[in-house]
Amino acid sequence: MKKSSAKPAAKAIVKNSAPPRTLVIDIGGTGIKALTLDPVGKPINERKRIATPKRATPKDIIEIARKLAKEQPPFERVSVGFPGVVKHGLIYTAPNLGNGWHGFDLGHALERKLKKPVRIANDADIQGLGCVTGHGLELVITLGTGFGSVLFTDGTRIHMELAHHPFHKGKTYEDELGNRALHKKGRKKWNKLLREAIEELRSTFNYDRLYIGGGNSRLVNFELPADVKIISNEDGLLGGIALWREAKSPAESRTSGKTTASTPAVAKPRAKAVAKSPARTPSKSATKPAHPVIARPSTVARTATSGAGSAAGVAPGNDAIRTSDAAPPKNAGIHSSS
């Protein structure tokens, strides 16, 4: 038995010893792109693109991802850039796509469809991972269908939603610098607003470096300050590899069963422990009248009612602050764009 069980283990080691190739899928509001990279980030094939359907649903995107993956060279893992808020594979917002995204577990859905491990992050986050130096305060914004943003502190990423923050005359960054604004105002006015945004972001974050990416970054027509740089789409592809160098995401270690905010995970182990306790034989004193006993809430109950938010934190590999892997409540009210 020992001899036969050793062989599969040896095969597994050999199989996983080769450096992995990464399929990078970039989901955008107008197009979905895919490219396979070798272990050092060199493209193995030409980039493939399929137009994003209007009001695209999860089913639409998954089917397109399957078609793109089928046309790729062999790969061992997948990185996905998504235009919205993503937390551990769960989608919270997708303002430039269709319905059905809120709380959708895109990470597991793609793993089942593609039969490979998948990591997902906001598309601006992935682009930033491919260009930042890892030193100091580095801000990345993307100009495309929407307005993406992510902040890096010494290489640790913190996803942000600057798109919906006030910027100019009561309008948001996306209102003034998104694709609709570009077509409505024209390039001259759009570039003037972008110049103002750069200085506004400088005074807000005191960044060491600002990187500007996204499809519309090619339209910038003024001289940029020394600490501001245009980045290419290639940086986004390299970010797909950098995403796998981050700490293991909680999504990869969670089980298929999900908990909800109203049923804390700590409650079940406690209940099982009580159920397995051996029954006690009543003592003689148990037959005597006893003084009334005031029930006190157990430690588990106090933990469940006190809220899990105090334990939340940001760590490399996390897309944002999170207290559980449960699907978000429908009234979460989170907005996003990319």
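Student: Is Phe82 buried or exposed, and what is its relative accessible area?

Tutor: Buried means under 20% relative accessible area, exposed over 50%, and partly exposed in between, using a 1.4 Å probe and protein chains only. Phe82 is buried, at a relative accessible area of 0%. Before going on, note that this is a predicted model: local features need pLDDT of at least 70, side-chain atom pairs count only at pLDDT 80 or more, and totals for chains, interfaces and linings use all residues. Residues are numbered from 1 along each chain as its sequence is written, and side-chain values use heavy atoms, with hydrogens and water left out.

Student: How many aromatic pairs are there?

Tutor: A pair of aromatic rings is described by the distance of the centres and the angle of the planes. Rings of Phe, Tyr and Trp (its six-membered ring) pair if their centres lie within 6.5 Å; planes under 30 degrees apart count as stacked, over 60 as edge-to-face and the rest as tilted. The count here is 4 aromatic pairs. In one of them, the ring centres of Phe82 and Trp101 are 5.0 Å apart with planes at 55°, so the pair is tilted.

Student: Where do Phe82 and Trp101 lie?

Tutor: Helices (H or I, at least four residues) and strands (E, at least two) are DSSP runs, numbered from the N terminus. Phe82 belongs to strand S4 (residues 77-82) and Trp101 to the loop between strand S6 (90-91) and strand S7 (104-105), so the pair ties together parts that are 19 residues apart in sequence. Trp101 is buried, at 3%. The rings of Trp101 and Phe104 have centres 5.9 Å apart and planes at 90°, so that pair is edge-to-face. Phe104 is partly exposed, at 25%. Phe82, Trp101 and Phe104 form one aromatic cluster.

Student: Which strands does S9 pair with, and in what sense?

Tutor: Two strands pair if DSSP finds at least two bridges between them. Strand S9 (residues 137-143) and strand S10 (residues 147-153) are antiparallel, with 7 bridges, and a hairpin of 3 residues joins them. Thr142 has Gly148 in S10 as its bridge partner. S9 also runs parallel to strand S14 (residues 209-213), with 5 bridges; there Val140 is partnered by Tyr211. Of the 7 residues in S9, 6 are buried.

Student: How many salt bridges does the structure hold?

Tutor: Side chains of opposite charge can pair when their charged atoms come close. A salt bridge is a side-chain nitrogen of Lys or Arg within 4 Å of a carboxyl oxygen of Asp or Glu. The structure holds 10 salt bridges. Among them is Asp125 with Arg157, whose closest N and O atoms are 2.8 Å apart. Asp125 lies in helix H4 (residues 123-129) and Arg157 in strand S11 (residues 156-159), so the pair ties together parts that are 32 residues apart in sequence. Asp125 is buried at 0%, and Arg157 is buried at 1%. Asp125, Arg157 and Glu246 are linked in a network of salt bridges.

Student: Which residue does Arg209 meet in a salt bridge?

Tutor: Arg209 meets Glu138, at 3.0 Å from N to O. Arg209 is in strand S14 and Glu138 in strand S9, 71 residues apart. Arg209 is partly exposed, at 25%, whereas Glu138 is buried, at 0%.
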